Amino acid sequence: MKAKIYVTLKKGVLDPQGKAIHASLTHLGIGGGEDVRVGKYMEIRLHDMGKDAAKKRLDEACRRLLANTVIEEYRIEVEG
């Protein structure tokens, strides 16, 4: 079983890294984007547990370690 975790800044939280990337893309002539937001993506392989147990365990991992829930939100997808 494979899980995908996406961690992004909450709306309203400033993203200076995203702004720098947006400015650089514009400077390189690769425009057209309105905004850039930077986040984290993780893949975790799991074994010997059901989907519900995996989501519960990963939710705890996100709250305790993988995401700063004050300024970030996360989404978990479990496949398999």
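Helix H2 (residues 51-66) lies across E1, E2 and E3 and runs at about 155° to E3. Contact here means heavy atoms within 4.5 Å, and the angle, on a scale from 0 to 180 degrees, is taken between N-to-C directions of axes fitted to C-alpha atoms, for helices over the stretch in contact. Helices (H or I, at least four residues) and strands (E, at least two) are DSSP runs, numbered from the N terminus. The model is a predicted one, where local features need pLDDT of at least 70 and side-chain atom pairs count only at pLDDT 80 or more, while totals for chains, interfaces and linings use all residues. Residues are numbered from 1 along each chain as its sequence is written, and side-chain values use heavy atoms, leaving out hydrogens and water.

Now for the sheet itself. Its three strands form an open, antiparallel arrangement in the order E2-E1-E3, with pairing called when DSSP finds at least two bridges between two strands. Strands E2 (39-45) and E3 (72-79) are at the edges with a single partner strand each, so one side of each has no neighbour in the sheet. Strand E1 (residues 2-9) pairs with E2 over seven bridges, and Lys 4 stands opposite Glu 43 in E2.

There is one aromatic pair (ring centres within 6.5 Å; planes under 30 degrees apart are stacked, over 60 edge-to-face, the rest tilted). The rings of Tyr 6 and Tyr 41 have centres 5.1 Å apart and planes at 45°, so this pair is tilted. Tyr 6 belongs to strand E1 and Tyr 41 to strand E2, so the pair ties together parts 35 residues apart in sequence.

Technical notes
Phe/Tyr/Trp six-rings, centres within 6.5 Å; stacked < 30°, edge-to-face > 60°.
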